[in-house]
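Open the model in your viewer and keep the selection tool ready. This tour goes from the whole protein to single residues.

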Amino acid sequence: MRRNHIMTPAIRMPSSLLAVRASAPPKKYDSPEALGAAFEQFKAHYNGKVDRLQETIEAVNLSAALGNHHGTAPGIDRDYSNAFEAHMRVGDRAGEATGKLRDANAEGDRAAIQASMSSGDNSSGGFLAPVEWDRTVSKAQRDRSPMRRLAQVVQTTVGAYVSIWNDDAWGTGWVGETAARPQTTTPTLSVVTFGHGEIYANPAVTQRLLDDAQFDVETWLAGEVSDTFDRQEGVAFLSGDGNNKPFGMLQYVTGGAAATQHPGGTLTVVPSGAAATIASADTLIDFKYGLPAPYRQNASWLMNSQTAAAIAKMKDSTGAFLWREGLAEDQPSTLLGRPVEIDEGMPSIAAGNLAIAFGDFQAGYVINDRVGTRVLRDPYTAKPFVLFYTTKRVGGGVKDPRAIRLLKIAAS
């Protein structure tokens, strides 16, 4: 079979292969067959060289693709991850063995684990977790945290997240053709700051278990940390008092810890219309349509399971249930046409409780995550256990108090 090869124009063959000595006479062949055989031998020799060159180029391209398999985004850094896992198992001994942690800068190794202010130095308070490990923890939280699904989540690299609040107080007026036009009012812009609180977990495991080659320490630690962070964050996003933690949504009411935190005021609170219960289906209908139309388009209900069970039994004046179960897998149930999220941190139906929230949580509440989860390995404090002290900074608060309403169960 005849083979075709594409020669790169930029490749130049050595002159020694192309030059023909003027003094050397051309070789003579006895017959056309001999000339053809010599030509085939010549072609096979140089085709072999081109094949080897092409294989080398393909191998280089494959290596580059494996190291950067997402186009322009960096691929998983195996050296970085292996060094991190080795450190989690045996501490700095892994660094002495591999040279990845203690002397990573000796040859400009970019796979070194980085601490807060210097590369490859753990003296400033621990190692920054690998990128892929950090993503695992964040995803686990998002899967189980309703507020993380509903609210706006932003990442920051500084001490706080700042938003600008516009009170929308534009003044206008109708005038005649020649009437005077006095100055009108202008809106006020106010700064709203959402600081960070620090959340931590300190799980323990024995060194013997870490030494077991079958034990996946990263998966275990990610699961432990996400469970602990989930529980604490979920409580704080709803009822946090802002003391080293986020301001919870339910605190933005008269008398709450965040009552004066937002220049736009507090959340609207609507009474349930009956003592220790929800008066009727009409109460929920009025509650829904009391939210301004621009926010209703993307609004959701938020309540716990006990409240959901009570509402699922309610019917309108025609006998039709207000509640509609999701017909497809992972499709949420709906109440009066809007999706329902279940958060067990919401109060139950009882006198004085804020049992139901309804609104556009993307517009109304913001969660700000400080980039990076830090891990300190402590094999000394609780021998024979090794502690993994893990910290993360997170904040939150109401961004637009007009976007969310609360239903309060009447006391009498």
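## Whole protein first

Show the surface: the protein exposes about 24600 Å², and carbon and sulfur atoms supply 53% of that area. Bear in mind that this is a predicted model.

Switch to the cartoon. You are looking at 12 helices and 17 strands. The protein has 412 residues, and 37% of them are buried. Now think about contacts between residues at least 6 apart in sequence: 73% of these join residues at least 24 apart.

## A nonpolar patch

Select V162, I164, L189 and V191. Together they form a nonpolar patch on the surface, with about 400 Å² of accessible area. Strand 3 (160-166) and strand 4 (189-195) each give two or more residues to this patch.

Stay with L189, which sits in strand 4. Is L189 buried or exposed? L189 counts as exposed because its relative accessible area is 60%, over the 50% cut-off.

## Backbone stops

Next, go to N244, in the loop between helix 8 (217-239) and strand 7 (268-275). N244 is not a glycine, yet its phi is positive, at about 60 degrees. N244 is also exposed, with 63% relative accessibility.

Move on to L336. Look for it in the loop between strand 11 (334-335) and strand 12 (338-342). L336 is another residue other than glycine with a positive phi, here near 55 degrees.

Last, select K383 and P384. What kind of peptide bond joins K383 and P384? The bond is cis, with omega about 10 degrees. P384 lies in the loop between strand 15 (374-378) and strand 16 (385-398).

Terms used
Residues are numbered from 1 along each chain as its sequence is written. This is a predicted model: local features need pLDDT of at least 70, side-chain atom pairs count only at pLDDT 80 or more; totals for chains, interfaces and linings use all residues. Side-chain values use heavy atoms; hydrogens and water are left out. Helices (H or I, at least four residues) and strands (E, at least two) are DSSP runs, numbered from the N terminus. Buried means under 20% relative accessible area, exposed over 50%, partly exposed in between (1.4 Å probe, protein chains only). Contact means heavy atoms within 4.5 Å. Accessible areas come from the Shrake-Rupley method with a 1.4 Å probe; for residues, only the protein chains shown count as cover. Patches are made of residues with over 30% relative accessible area and no salt bridge: like charges are joined within 9 Å, nonpolar side chains (Val, Leu, Ile, Met, Phe, Trp, Tyr) within 5 Å. A salt bridge is a side-chain nitrogen of Lys or Arg within 4 Å of a carboxyl oxygen of Asp or Glu.
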